[in-house]
Amino acid sequence: MANAAAECGSFSFLLGWGRGGDRRETEARSIPQKSKPQAASTIEPLATQLTSAEFIAEIVENGDRTSPLAEAEPSSSIPQTASADAAQGAMSQLTSVSQLSDVQPTDWAFQAVQSLVERYGCIAGYPDGTYRGDRALTRYEFAAGLNACLDRVNELIATGLEDAATREDLATIERLQEEFAAELASLRGRVDALEAQTAELEANQFSTTTTLSGLVWFNLTGAFADGDIQVETSDITAPPVIRPAGRDPVTGIPLTAEVTDDPEITFSNLAWLTLNTSFTGRDNLVTQLAVGNGDSPANVFASAGLYNTFGVPFTDQTAGVDIGDVTVIIRELFYEFPVGDDVQVIVGPRVNWYRYFDANSFTFFLNGTSSFNSIGSTLLNTIDRGSGAVALWQLSDQFRLGVGYLGENNEFLPSNLFRTSSNPDEGLFGGTNTLTAEVTYSPSSTFNVRLLYNRSNLNAVFGQVGGAPGEPIYGLLDDGAGGGLNDATADTFNINFDWLITPGIGIFSRYTYGITHIEPGDVDAQAFQAGLAFPDLGKEGALATLSYMIPFSVLDGHEFLVSGGGDGGVQYEFEATYYYPLTDNISLVPAFYVIGNANNFSENPTIFVGNLRAQFAF
C-alpha cells in the first residue's frame, strides 16, 4: 500500500495543465457585438452630421469615382436603424436630378447639371431619392456630382461616341469647370491620394488570402483567505500545478495539508494571434498561436487535481505546458468548409471543442463571466483541443445539431503522457477521446436552450483517473484503497440556456450530471450554475454578470476520491464580472470571486479573489 501511495505521489501531470489551457472558449476572435436596433429619434440625417470637407472625404473613401454616391455607405460611427438597412447597400442609379428631393434647383448651375444628368445619367443618390438632408447642396457636394458627369462624358468621348456630347453641353461643362475649379481640384486630389494609398496597401499587404487578428490580456490578480486552507495532497511543497495526491498507508484516508500563507499579487499576460485563411470565400483555415506566463495566485489553495478549477480568471494562464514559460505554441489548427447550404464541417489536428459546444450568450469569456468554472460546464469535456472532426447541421431556423469526435491533443499537456491521438501506441481511437452530440433550440433571437450528451474514454495515468484529462471528475480517483485503476469511461449530460428577458436584463443557467465508470464502481457528480446578466449597463456594449456555481458535488462513489472529495462539503462560488469597453478595441474587466467550502471541505474558511483585466483586440 505504501508503494501504491508513492506511485500516486508521482502522478503530477493530471493535476492541472488541462485547466491551464482554454477550458471555456467559444471562439478566439474579436469581441462579437450583437447589433441592436437604435431609437429612431437618435438618428440624424447623414448630410447634417458632416461638414462639407467630411462629406467629400466620405465620398472619396467609400464611393465610386464615376458615381460619387454609388455604393457608398454611411460612416460606421453613425448609428443605423433597422429601417435603413437597404440604404447601406449599393446605391441606385438615378436618371433625373429632380429625383434628389433635397437638392434645391435655385441657380444656373443646378439647371445645367440637371440637363446633363437627364441626358447622360451621370449622378447617383440614395435609393429613397434623397441626400439625407433638408438643405441645399454645398459647393463641394455639388462638385462631387459634377465630377461624375465630367467622367461620364469623357468616357463617352473615349469610346468614340463624340456625337453623344453636343457642342452646347461641352460649353456648359467648360463653364461649370471654371466655376467650380477649386472644388474639383480638391476632390480629384483626394481621389488621387486615395488611389495611391490603395496601391501602397495592395503592394505591401500581408496576404491576399489570410487575415490576422489578435487578443492580448494583462491580468492583475490577488487572492487571500480568512484562515488556513485545508488541501488534499501528499506533498504541500510541490508547485500547485504538479501537486500530488495519496492515501495514508494505514487508514487509507486521503492525505491532507494546510496552506497557511496567502499568495502574493501577480501581474501576467496572455496573447493569441489568429490567422484565418480562405481559399474559396466560404472555407476557413484557422491557425492560432498563443503565448503567456500566467499562474493565478488562487491556485495556491487548490487540492491535487484541482489546479485552475476555482477562483481563477480564465485569461490568467500560461499558453503551453510549462507554467510561466513564454514559448509560443500552436493552440488551434483546423479547416472548416461547407457541405451544401446547411452543413458546416470542421476537421483538423487541433480542433477547439469550445468553439462549437456548450455556448452561452452571457458566459462567453471575452465579455461575459470570467473564471474557469463560470464560463462553461465544469464536468463536460476532458478534451479542450483535439484531433478529429465536428459537423454542424442547421436543421431549421430554430434547431441546430452539432456532432463531434475528438482524440486528445491538448497543447498544455505533456506529449509523452497525453496527446494520445498522435501517439502510435494509442492513436486517434485508442487513447483518451470523446464523442459529443448537442441540440440547440432557439425559438427567438433572445432565447436559446441546449441539450448535450458526451461520451468519454479516459486513460488512467499512474493508476489514477481524473484531473485535467479526466472530466467529469474533479480531483483524482483510485480504487478506494490506494491501488491503481485501469482506463475508465464516462457519460455526461448537460442542459444550458440563456434568455434576454428585456434589453437590459438576462438570465442564464447550466446543470450537468456525470457518471464515471471505473472497475470498482461508479462515481456520480453534478455541477450547477445560475446567473443574471445586465447588457449595456453604464455604456452601450458593456455587460455585467452575477453568477452562482456549485462546480463539483459528489453524489455517489465518494470513497474512490483520493483528492477532491474533502470532508463531504460542497464547494460553492459567487462571481461578479463587469466588462466595460473603453473603445472598440480596448476594454477593462474587473472581477471578484468568493469561494466557500473550498476543496469540498466544509471547515475551510472563505477565499476571496480579485482580478483586473485589460483586454486588447485587433
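These questions and answers walk through helix contacts, strand pairing and backbone details in a predicted model.

Me: How do helix 5 and helix 7 lie to each other, oblique or parallel?
Reply: The axes of helix 5 (residues 108–120) and helix 7 (residues 167–179) come within 11 Å. They cross at roughly 135°. That angle makes helix 5, relative to helix 7, oblique.

Me: Is the crossing of helix 5 and helix 7 left-handed or right-handed?
Reply: Helix 5 and helix 7 cross at roughly 135°. The hand of this crossing is left-handed.

Me: Which kinds of residue make up the contact of helix 5 with helix 7, and how many are charged?
Reply: Helix 5 brings Trp108, Ala109, Ala112, Val113, Leu116, Arg119 and Tyr120. Helix 7 brings Asp169, Thr172, Ile173, Arg175, Leu176 and Glu179. Eight of these residues are nonpolar and one is polar; the charged ones number four.

Me: How are helix 7 and helix 8 oriented to each other?
Reply: The axes of helix 7 and helix 8 (residues 181–204) come within 5 Å. They cross at roughly 80°. Angles of 65 to 115 degrees count as roughly perpendicular. Helix 7 and helix 8 are therefore roughly perpendicular.

Me: How many charged residues lie in the contact of helix 7 with helix 8?
Reply: From helix 7 come Gln177, Glu178 and Glu179. They meet Ala181, Glu183 and Leu184 of helix 8. Two residues of this contact are nonpolar and one is polar, while the charged count is three.

Me: Which strands stand at the edges of the open sheet of three strands?
Reply: The order in this sheet is 12-13-18, with antiparallel pairing.

Me: Which peptide bond is cis, and what is its omega?
Reply: Most peptide bonds are trans. In the loop between strand 12 and strand 13 sits Pro472. The bond from Glu471 to Pro472 is cis, with omega near 25°.

Me: Which residue meets Asp478 in a salt bridge?
Reply: Side chains of opposite charge can pair when their charged atoms come close. The structure holds seven salt bridges. In one of them, the N to O distance is 2.8 Å and the partner of Asp478 is Arg247.

Me: How many residues apart are Asp478 and Arg247?
Reply: Asp478 lies in the loop between strand 13 and strand 14 (488–502). Arg247 lies in the loop between strand 2 (229–232) and strand 3 (256–259). The pair links distant parts of the chain, with a separation of 231 residues.

Me: Which residue in the hairpin of strand 6 and strand 7 takes a positive phi?
Reply: Strand 6 (residues 329–339) and strand 7 (residues 343–352) run antiparallel, joined by six bridges. Tyr335 faces Val347 across this pair. The hairpin has three residues between the strands, and the positive phi, near 75°, belongs to Gly340.

Me: Which residue of strand 8 stands opposite Val351?
Reply: Strand 7 also pairs with strand 8 (residues 385–394), in the antiparallel sense over eight bridges. Opposite Val351 stands Gly386.

Me: What is the phi of Asn308?
Reply: Most residues other than glycine have a negative phi. Asn308 is found in the loop between strand 5 (284–292) and strand 6. Although not a glycine, Asn308 has a positive phi of about 60°.

Me: How many residues lie between strand 19 and strand 20 in their hairpin?
Reply: Strand 19 (residues 572–581) and strand 20 (residues 586–596) are antiparallel, paired over eight bridges. Tyr580 stands across from Leu588. The number of residues between the two strands is four.

Me: Which residue of strand 21 stands opposite Ile595?
Reply: Strand 20 and strand 21 (residues 607–617) run antiparallel, joined by 10 bridges. The residue opposite Ile595 is Ile607.

Notes: Residues are numbered from 1 along each chain as its sequence is written. This is a predicted model: local features need pLDDT of at least 70, side-chain atom pairs count only at pLDDT 80 or more; totals for chains, interfaces and linings use all residues. Side-chain values use heavy atoms; hydrogens and water are left out. Axes are lines fitted to C-alpha atoms, for helices over the stretch in contact, and angles run from 0 to 180 degrees between N-to-C directions. Angles under 35 degrees count as roughly parallel, over 145 as roughly antiparallel, 65 to 115 as roughly perpendicular and the rest as oblique. A crossing is left-handed if the near helix is turned anticlockwise from the far one by less than a right angle, and right-handed if clockwise. Contact means heavy atoms within 4.5 Å. Ala, Val, Leu, Ile, Met, Phe, Trp, Tyr, Cys and Pro count as nonpolar, Asp, Glu, Lys and Arg as charged, and the others, Gly among them, as polar. Two strands pair if DSSP finds at least two bridges between them. A salt bridge is a side-chain nitrogen of Lys or Arg within 4 Å of a carboxyl oxygen of Asp or Glu.
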